[in-house]
Amino acid sequence: MTQTSPDASGLMALFRATNGSSWERRRGWGTASSHCTWEGVTCLTGTQQVLWLDLTDNNLDGVMTPLLWEDLTIGPVDRIDLSKNPRLRGVTVTPSFTGRTLQRARGLMLGDTALSGSIPSELATMSSLYALDFNDSPMRGALTDAMFDAWKSTLVTLSIAESAVSGTLPSFERISSMERLEQINTADTLVSGTIPHWLGASPLRRIEMDEMRLSGTLPPMLTRSDMLDHIEVDQNRISGTIPASLGMSGASELKRLQLGKQPISGTIPSQLGELREIRKVILHYSSLSGTLPLSMFNQRTATLTELVIG
């Protein structure tokens with residue numbers, strides 16, 4: 001069987017290098033049929049150009065070498081998903097692959113793999129990026145201001161938790177100017193700095209920044225957006241008090257609040273009782289004092305399912 005399409009040749013190089021015969025989903029791969037019909041491959045309508053490559057959780061087992069990334073001559077693509085393949089080793093996307101194949105990509109999903117190496121600065125050329133997933137991987141390096149500037153109008157989900165990504169959190173001006181960012185997960189990384197004052201900047205819905213050694217105090221306007229439903233910033237070095245504004249207007253959808261295992265002090269604000277959708281509150285191993293507002297337990301706020309204090 002001979003495949004003449006550059007996209008097909010690149011895909012077969014990936015198939016052979018990652019033990020394709022043991023993939024969970026491999027229908028059509030290596031046959032004489034068009035590569036656009038192979039399982040996990042989607043082509044641009046009416047062409048042979050690969051648009052999506054979705055091999056998530058597919059038992060890929062092999063080494064992604066720089067040469068293999070160069071042989072993967074597909075695209076330009078809209079999305080590549082190689083996530084949830086823990087035996088996929090080697091290096092992350094190379095600078096030349098990023099520049100050639102990913103400039104128009106909206107999704108780059110490499111989380112839960114063993115891909116390592118430095119994050120290429122060329123990610124700043126991905127001006128259409130919608131979702132970035134480097135979760136639970138040994139990838140290192142920093143996400144730069146240039147990258148956040150490039151993603152200002154497009155990025156919705158950023159997940160780099162449990163990786164070796166370092167650097168500092170972006171400034172308030174950059175995050176607050178991001179038009180679509182809804183989820184940010186930087187938990188258990190080497191990213192450092194003070195607790196950002198953009199927590200709750202619209203349109204953020206979910207913030208996970210636990211176990212990061214962040215310092216500073218909680219910002220007065222912890223929730224500026226009525227869309228925010230999840231704040232998880234426990235196990236840091238944050239001090240100061242819980243702002244009373246947390247239970248005021250702008251936190252109407254908050255369902256999860258985790259601030260424990262750090263030197264937060266002062267009294268528990270009565271305004272927590274105004275969080276009508278709250279389901280989980282974690283405040284343990286802190287220096288908080290006082291009593292919980294009774295309104296947290298009345299019929300109007302009966303959604304509370306987990307409370308950890310002390």
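Residues are numbered from 1 along each chain as its sequence is written. In this predicted model, local features need pLDDT of at least 70 and side-chain atom pairs count only at pLDDT 80 or more, while totals for chains, interfaces and linings use all residues; side-chain values use heavy atoms, with hydrogens and water left out.

**Nonpolar core.** A nonpolar core is a set of buried Ala, Val, Leu, Ile, Met, Phe, Trp, Tyr and Cys residues joined through side-chain atoms within 4.5 Å. Here, buried means under 20% relative accessible area, exposed over 50%, and partly exposed in between (1.4 Å probe, protein chains only). The largest such core holds 80 residues, and W29, L143 and W151 have the most contacts inside it. Among the elements that each supply at least two residues are α1 (6-17), β1 (41-43) and α4 (145-150); α1 gives the most, with 6 residues. Helices (H or I, at least four residues) and strands (E, at least two) are DSSP runs, numbered from the N terminus. Contact means heavy atoms within 4.5 Å. Not counting residues up to four places away in sequence, W29 touches L11, M12, F15, W23, W38, E39, V41, L53 and L55.

**Disulfide.** The structure holds 1 disulfide, defined as a pair of cysteine sulfur atoms within 2.5 Å. C36 and C43 form this bond, and the torsion about it is about -90°, so the disulfide is left-handed. C43 is buried.

**Cavity.** A cavity is a set of points, on a 1 Å grid over the protein atoms alone, where a 1.4 Å probe fits but cannot get out; lining residues have an atom within 4 Å of a point. Grid points are joined across faces, edges and corners, and a volume is the space filled by probe spheres set on the points. There is 1 cavity of 30 Å³ or more, and the largest cavity contains about 80 Å³ of space. Of its 13 lining residues, L143, F148, T168, P170 and V191 are the closest to the centre. The lining comprises 10 nonpolar, 3 polar and no charged residues.

T168 lies in the loop between β10 (164-166) and α5 (172-176), and is exposed. Leaving aside neighbours within four places in sequence, T168 is in contact with V191 and S192.

Selected values are listed below.

| Item | Value |
|---|---|
| C36 to C43, S to S | 2.1 Å |
| C43, relative accessible area | 13% |
| T168, relative accessible area | 56% |
| T168 to A105, C-alpha atoms | 25 Å |

Key. On a 1 Å grid over the protein atoms alone, a cavity is a set of points where a 1.4 Å probe fits but cannot get out, and a pocket is an open set with protein on both sides within 12 Å along at least five of seven lines; lining residues have an atom within 4 Å of a point. Ala, Val, Leu, Ile, Met, Phe, Trp, Tyr, Cys and Pro count as nonpolar, Asp, Glu, Lys and Arg as charged, and the others, Gly among them, as polar.
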